[in-house]
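Here is a report on the model shown below.

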Amino acid sequence: MSAATDYAAPALVIPAQRPWWRGRVGLVVLVVLAILIGFLGWKNTRPWPDSLVWNALPGYLDRFQTWLSDSRNAPNPSFVFDVFNGFANFLDNLVSWFTSFFDKLTWVGTTALGTLVVARFGHWKQALGVLAAFASFALIGLWEESIQTFSLMLAAVGLSLLVGMPLGVLAGRSRRFNNFITPLLDAMQIVPAFAYLMPVVILFSVGPGAAVVTTMIYAVPPAIRITALGIRGVAPNTVEAAAAMGSTRMQTILKVQLPLARRMLLLAVNQTILFALSMVVIAGLIGGPGLGDVVTNGLYSNPALALLGGLAIVIMAMALDRATESMADRTDPARRHLTDRKKRRLRLATLACTAGVGLAVGLGYAFGAGGIYSGRTAQERLLGYVQKGLDYVQNPATWIFHITEPIGNFIVAHGLTPLNSFFVETPWFVMALGLVAIALIVSGPRPAVITAVMVGTIGFIGEWATSMETFAQVLVATGMTIVFGIALGVWAGESRTVDRVLRPINDVLQTLPQLVYIIPFIYLMPVSQVPGIVASVLYAVPVVIRLVSNGIRSVSPEAVEAAGAFGATRRQVLLKVKIPLARDAIMLGVNQGVIMVLAVVVIGGLVGSGGLGYQVAQGLQRNEFGLGVVASIAILALGIALDRTTQGRARTRQERAT
Amino acid sequence: MSHQLEGRRGRWVVAAPLALAVIVALSVAGMATARTAKSCGTVTLNEQAWAGSTANTYVAKNALQMIGCKIKITQITEIPVYQAMANGKTDAVLEDWQHVDQYKQYITKQHSVVMGGSNGVTGHIGWYIPTYLMQQYPKFKTWKGLKGKESIFKSPESGSQGMFLGGDPSYVQKDQQLIKALHLNFKFVSVGAEPAQVARWSQLYRQHKPVLFYWYTPQYLNLQYKLSEVKLPKRFKGCQDDAKSGGSVAKYKCAYDHIVLNKVFSAKFAKSGSPAYKVLKRFSWSNKDQEQVAKYIAGDHLNPDKAAQKWISANKAKVNKWLGK
């Protein structure tokens, strides 16, 4: 060997660009092909073996529920129930206090109070929005119901933030706490409310209290998650600088981290409101009075009224969201420098607003306006219009129907049905091994182990076939959600106009009760499964859009400017700077997308998707508590497996490092 | 800075009068509602989602108001409402479709709920097809006529089989078992909750296409659509209706039984000595009565209170009997 070659050996090793089919994508394709061979060769011959199923679980769960109810309704119940009673009574009183407070103010005073509070602490534009919202509750003829729902939401959102934000700060500061709480939050968001409605009712009885508890279970997780994300997003050197200057931990949190995370905290408030409002219908099932009942009963006997009820929910969500945003904007430290003149003006404004509310209440009493708006409303006329629209949708002779029906049939015949049989009929061990292998390739050994455990759990509790059926649909819905969500999210992050157009649409999709728009949709695509998928995509996409666009916009302007200074084109800035820097937010978006798709599996069950959603719905409605819980466990297991499989190598590495 | 302040004053000038103007306009348009309450106290009735239940609840409400009761209406779903009655948060459910498990647990074992007897309405579940189809294929009068003709009911999700459109998952049913026991070549397709199921079959009805589905009476839609029942095998002793009870399919090979719809009351309410309890205990009417009121509400979109009053004023004798006059 010559000296020259000796020298050359350790020189720079540049890895050759491998073609895609030799990378991970190729491996995944190989695994899928292997499963396909299993499917084609041994179709329908190897379902999950009965000997590997634990059948006794639903029975145990049923017995637990019976025991709980019996001991609760015994002549002398244990003092433990007194604690639950006390808490439920506290919540009941809180909600009914709000309602009767608004009642006392009369509807005129309530409108004035809402409008002027927002005008004083927020912005006049939003105040006009609030005024319009209250006016529309009156015009729609659902004033009383709207105020009941509003009171319920005030209590639920307030308590959710009270619980969620401190926990979020904790999770943002401590990786350990975050890792501990994340699976809990996943469970709270994925396990359908239908599964735990009965235990909640047994413990807290029915009424506003139980409704608030149920709403909180669903609305607290986004408050925690997004707060934590915001805290974590504060640059570590800022925190270090604060510590170096001798700030105590409390000072660092209150004066540095929270103010710098303002944007994300705002998003947390906003999402908590929207999540809470998306529970209005379910809250109605257990005695949370208000718009939820209008929607539920309307669906059975007057769909147009259900739509109006849904509309009121959406209006409330948008008004609340914009109002809180404008109030938060006013607290912006950059705008808090008060001069004496400004102070005097603000004091005057406060006085004027108080006087305005007083005047309105006085006027209300003088004209004999009660707490409930009972004057002339436009309900009849609105119902007429809506009904006309519904009649059009329901008419199979229109040209729209001739387009939508074949599309629906095509999707089912050539997309969902084959996919469904692929998942359900492939020999179970081939499918299970394949899924674990994909997790291993995409995300590494630890996620693969978790996926294996989850897949095993699904089979073990006897939900293999139903879960695979649901899995096929969830996969389609998740794929569509992620593609649309990221694309639109990035676009909205780049363009203010797009953001402005998308935002109200997102609000509508997130808060309009799904059944309200899915049932008319069934008339257009009368075939099962498709409506369920549409419902989950439409529900999940807004969250992904919001998180992604927020992430893109939160990328520090210095980084963007620096790239610009180096002569990067807009596309390069987006692809090489903004998207990589917003990776955390995009990953959270994907993760939330998966969770949201799973969160509406039950709605799918109510509109013909079958599978696990159908079982969960039956669990509540046919008193099959055990069955409902088992199906929910399967949904949760699917969710965790999907989440771990899609987390990718980077997050795995990150988790190992801490 | 000063520019900003000017801006704010400008906004006030716009916002304040606008807000006041709207408020004044609304207050002139609105009127107060006065409420009165007498000795009977407040009675809480529970209304469920289907129109028949709304009819019961509002007719009972308006009758009770005639003797000075104040009525509160809760809208809690079927199973949790038992817990509500056990706690005394709801006093009465006027139409219960035989929730046998709940009877056992809450009525027999806990004594927290009491049985109130029939509300006079009988429910019936069965297999239905549109009448136009029955006229075209008179053989469909009984299930035997369906044999060999299943493919008429083909749909995108049933493949080569015919589609049987299942009922709301929350209702008592055994159709999967029946299809197996009768050796019919149907695929059981569930499209979910009742509004979704109605959407599906009514769309096919409008297109004059064949459809076979789970349906029941009394139902206000029966006044709107012409439907015919397909006869199922005769009932035999020990024949089961609710697939929940499990076992072999042979146990289910019969028509659904006629169901007595019950009133159930909170034990606390029953013991309270309220005059309302006696009235509700006597409350009973016919399928026809209920369907009529349900149609006022769901078909003609009349306000439930007005619908109830309309029926009451036409049926004074019945109502007076409930009221003990």
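## A histidine with positive phi

His301(B) is partly exposed, because 16 other C-beta atoms lie within 10 Å, while a residue needs 20 or more to count as buried and 12 or fewer to count as exposed. The model is predicted. His301(B) is not a glycine, yet its phi is positive, at about 55°. The residue sits in the loop between helix H10 (287–299) and helix H11 (304–314) of chain B.

Most residues other than glycine have a negative phi, and most peptide bonds are trans.

## Other backbone exceptions

Chain A has a residue of this kind. Asn623(A) is not a glycine and has a positive phi, near 55°. Its place is the loop between helix H30 (611–621) and helix H31 (625–646) of chain A. Is Asn623(A) buried or exposed? Asn623(A) is buried, because 24 other C-beta atoms lie within 10 Å and the threshold is 20 or more.

Chain B also holds a cis peptide bond. The bond runs from Thr217(B) to Pro218(B), with omega near -5°. Pro218(B) belongs to the loop between E7 and E8 of chain B.

## Confidence

The model scores are ipTM 0.81 and pTM 0.86. For chain B the average pLDDT is 87, and 88% of the residues reach at least 70. Residues 27–38 of chain B have pLDDT below 50, with 24 contacts in the model beyond near neighbours in sequence. Residues 1–10 of chain B stay under 50 as well, and there the model has 2 contacts beyond four places in sequence.

Where pLDDT is low, the predicted coordinates should not be read in detail.

## Chain B: overall build

Chain B contains 12 helices and 9 strands. Of its 325 residues, 48% count as buried. Among contacts in chain B with a separation of 6 or more, 73% are between residues 24 or more positions apart.

## Strand E4 and its partners

Which strand does E4 (residues 113–130) of chain B join over 7 bridges? The partner is strand E9 (residues 258–266) of chain B, and the two run antiparallel. Within this pairing, Thr122(B) has Val260(B) as its bridge partner in E9(B).

E4(B) also pairs with strand E7 (residues 212–217) of chain B, in the antiparallel sense, over 5 bridges. Pro130(B) stands opposite Leu227(B) in E8(B).

## Two domains in chain B

Chain B is split into domain 1 (42–122 + 259–323) and domain 2 (123–258). Taken over C-alpha atoms, the centres of domain 1 and domain 2 of chain B are 29 Å apart. Contact between them involves 15 residues of domain 1 of chain B and 11 residues of domain 2 of chain B.

Which elements build the domain 1 side of this contact in chain B? Helix H2 (51–66), E4, E9 and H10 of chain B each supply at least two residues to it. H10(B) gives the most, with 7 residues. By class, the side of domain 1 of chain B that touches domain 2 of chain B has 7 nonpolar, 5 polar and 3 charged residues.

## The interface between chains

How many residues of chain A touch chain B? The count is 73 residues of chain A, in contact with 61 residues of chain B. The chain A side that touches chain B has 39 nonpolar, 28 polar and 6 charged residues.

These are residue counts by contact. The size of an interface is often given as the accessible area lost when the parts come together.

## Helix H17 of chain A

Helix H17 (residues 340–366) of chain A has 27 residues. From first C-alpha to last, H17(A) reaches 39 Å, close to the 39 Å expected at 1.5 Å a residue.

Which residues of H17(A) are buried? They are Cys353(A), Gly356(A), Val357(A), Ala360(A), Leu363(A) and Gly364(A). Just after H17(A) comes Gly368(A), with a positive phi of about 70°.

Technical notes. Residues are numbered from 1 along each chain as its sequence is written. Chains are lettered from A and ligands numbered from 1 in the order in which they are written. This is a predicted model: local features need pLDDT of at least 70, side-chain atom pairs count only at pLDDT 80 or more; totals for chains, interfaces and linings use all residues. Two residues are in contact if their C-beta atoms, placed from the backbone, lie within 7 Å. Ala, Val, Leu, Ile, Met, Phe, Trp, Tyr, Cys and Pro count as nonpolar, Asp, Glu, Lys and Arg as charged, and the others, Gly among them, as polar. Two strands pair if DSSP finds at least two bridges between them. Helices (H or I, at least four residues) and strands (E, at least two) are DSSP runs, numbered from the N terminus. pLDDT is the predictor's confidence in each residue, from 0 to 100. Domain bounds come from an automatic or database domain assignment. The expected span of a helix is 1.5 Å times one less than its number of residues.
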